[in-house]
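My entries are below, in the order I made them.

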Amino acid sequence: MSLPVICLHPHDHVVIARATLLPGAQVADGIVASDRIPAGHKVAVRPIAAGEAVRRYNQIIGFATAPVTPGQHVHVHNLGMGEFTKDYAYGQDVKPTEYVDTPATFEGILRPDGRVATRNYIGILTSVNCSAHAANLVADAFKRHPFTGFDPLAEFPNVDGVVALTHKTGCGMPEGEPLQLLRRTLAGYARHPNFSHIVVLGLGCEVNQISGLLKEHKLTDRIRNMDIQGMGGTRKTVEAGIAFVREVLAESNKVQRQTVPASELKVALQCGGSDGYSGVSANPALGIASDLVVRHGGTVILSETTETYGAEHIFTRRAVSREVGGKLVELMRWWEEYTHKHGAEINANPSPGNKAGGLTTILEKSLGAMAKAGSTNLVDVIKYAEPVTARGFVFMDTPGFDPVSATGQVAGGANVVCFTTGRGSVFGCKPSPSIKIATNTPLYRRMEEDMDVNCGTIVDGEENVQEAGQRIFDLILRVASGERTKSELYDFGSAEFAPWPLGVTV
C-alpha cells in the first residue's frame with residue numbers, strides 16, 4: 001500500500017499529500033498531521049524557524065513567515081518569497097548526450113524544402129484585428145463540425161483543415177519592437193511546415209502593412225495576400241479568399257506520409273493549471289520523454305520565462321557555454337525590470353488555481369515546471385518566436401500565459417506540443433497537435449474526454465516516472481504520425497492563437 005505522502009528528497013522540509021489528510025493522519029515516523037492537508041499540498045516533517053529557508057526537491061522554495069512544527073500545513077499562510085544567493089556555475093553539469101544507436105521514426109509529411117510536417121493545414125493569417133472577421137468567414141466555409149459530422153473537406157482526406165488565426169493587434173502600435181515581434185510571430189506561422197499554403201488578409205491602412213511583413217521576412221512561397229480596402233470590401237475579399245482555398249485544396253491533398261527520423265521532432269513543452277502534483281508526476285515524466293526526444297536527435301523547447309524564475313541557476317549549470325547560460329540570466333533581469341515598470345511582481349504567479357492546487361511561490365512552481373525539460377544540456381536561448389535551429393534542449397523567452405507562450409513556440413517551428421495540467425486545461429494549438437497530460441487520476445477521470453495521458457499513475461504508485469515518460473514519448477511519435485489528440489477531436493486551436501502584445505496601445 002502506498003504511503004499517504006510523497007517524499008521527493010530526504011533533505012526536504014516538506015512532503016506532499018497523495019490525498020487529503022485529516023488531523024491525526026500519520027505523515028512519517030512519529031509525525032501526524034495537525035491540520036487538514038488538501039491533496040497535493042505540503043506538510044512539514046521537521047521544525048522550521050521563522051525566516052528559515054524551506055526546501056522541496058532539495059531546493060529552496062521560499063522562507064517561513066512564521067514558525068512551523070512537524071505535521072503542519074505549509075502554504076501561503078506561513079511560506080513566502082525571500083532573497084538568496086544563486087550559484088550559476090555555468091556549464092558545471094554539462095555532459096555528453098548519449099544518442100541512441102537506432103533512432104526512432106514516425107510517419108511525417110516531407111515538404112519540398114526538406115522540412116517535415118506533422119499536420120497538413122491551409123492557413124489564413126491576419127495582419128490586423130480589423131481583418132479577423134473576414135478571415136473567419138473564409139475558414140468557416142470549410143469548417144468541419146466534430147459534433148454533427150458535417151465535413152466540407154470530405155473529398156480531401158489529407159487536408160487537416162482550413163484555419164484562421166486572428167489576433168487583437170496590428171495597428172495602434174509603435175513601429176519598433178512590438179511590431180517586429182508581431183511580424184516575427186506571423187512569419188513563423190507563414191513558414192511553418194504544418195501549413196501547405198497561406199493567405200494573409202489585411203484591412204489596408206494598418207501599421208502592420210502586409211507588404212512590410214512579406215519584405216522584412218522574405219515571404220514569397222505558398223503565400224497569397226489581399227486587403228479588404230484594395231479588394232473592394234468584405235464580400236469580395238471573402239469570396240477571393242474562398243476561391244484561393246478551393247484553388248489549392250487539390251494540391252494540398254496530394255501529400256503522403258512517409259517514414260522520417262525522430263530527429264525531425266520539435267516538441268514544445270507547456271504547462272497550465274498546475275498543481276502540487278505537477279512537479280511530482282506529469283512534469284518529470286515529460287522530462288523523461290524530452291530526454292528521449294533529444295537522445296533520438298530531436299529538439300525540445302521550454303518557455304514561460306516567468307515560470308523558470310528562481311530556478312534558472314539549475315539550467316545555467318547545464319548550459320553548453322557561459323554565453324548561453326548568461327542569456328538566460330539576462331532574461332530574468334529583463335523580466336524583473338519589466339514587471340517592476342508595470343507595477344507588478346513576478347511572484348504574482350502562481351495563479352489562484354495553482355495555489356488551490358498546492359503551489360505556494362513562484363520558486364516552487366518554477367522548480368516543478370523546469371522538470372519538463374529533462375536532464376540534457378541547454379544548447380540555446382532565443383527570443384520569442386525566433387526560429388529554433390539548434391537540436392537538443394532550447395529555451396525560448398515567453399510570458400507564462402499558456403496561449404501566448406505556445407504561440408511563440410509554434411512560430412519557432414514546434415510541430416508537436418506537450419501540455420501538462422493539474423487543474424484541467426482544454427488547450428489546442430493549430431497547426432501543431434497538443435497532447436494533454438494530467439498530473440493526477442481524479443482530474444484524468446473527471447476530464448477524460450480532454451486528457452490524452454494520465455500521469456496520476458505515478459502518484460498512485462502504479463508506475464514510475466521512467467515508465468510514464470516512455471508512454472509519453474511513444475504517444476508523441478504516434479501523434480506526429482497523424483493520430484488525433486483529444487483537443488483536435490474537438491477542433492481546438494484557432495482561438496488560442498495569441499501573439500505576445502508587447503508595448504503600449506496608442
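Ground rules. I am working with a predicted model, in which local features need pLDDT of at least 70, side-chain atom pairs count only at pLDDT 80 or more, and totals for chains, interfaces and linings use all residues. Residues are numbered from 1 along each chain as its sequence is written, and side-chain values use heavy atoms, with hydrogens and water left out.

I then listed the contacts of L265 (heavy atoms within 4.5 Å): beyond its neighbours within four places in sequence, they include F106, V293, I476, L477 and A480.

Helix 14. I take helices as DSSP runs of H or I with at least four residues, and strands as runs of E with at least two, numbered from the N terminus. How far apart are the end C-alpha atoms of helix 14? They are 22 Å apart, which agrees with the 22 Å that its 16 residues should span at 1.5 Å a residue (1.5 Å times one less than the number of residues). Its buried residues include V465, F473, I476 and A480. After the helix comes G482, with a positive phi near 120°.

Rings. I found eleven aromatic pairs in the structure (Phe, Tyr or six-membered Trp rings with centres within 6.5 Å; planes under 30 degrees apart are stacked, over 60 edge-to-face, the rest tilted). F63 and F84 are tilted because their planes stand at 50°, with centres 6.3 Å apart. F63 is in strand 7 and F84 in the loop between strand 9 and strand 10, 21 residues apart. Both F63 and F84 are buried. W335 and W500 are stacked, at 5.5 Å centre to centre and 5° between planes. W335 is in helix 8 and W500 in the segment after helix 15, 165 residues apart. Ring pairs join W334, W335, Y338, Y384 and W500 into a cluster.

Last entry. K86 lies over the face of F84, 4.8 Å from the ring centre (NZ of Lys or CZ of Arg within 6 Å of the centre and within 35 degrees of the ring normal). I noted K436 over the face of F419 as well, at 5.1 Å.

Key
Buried means under 20% relative accessible area, exposed over 50%, partly exposed in between (1.4 Å probe, protein chains only).
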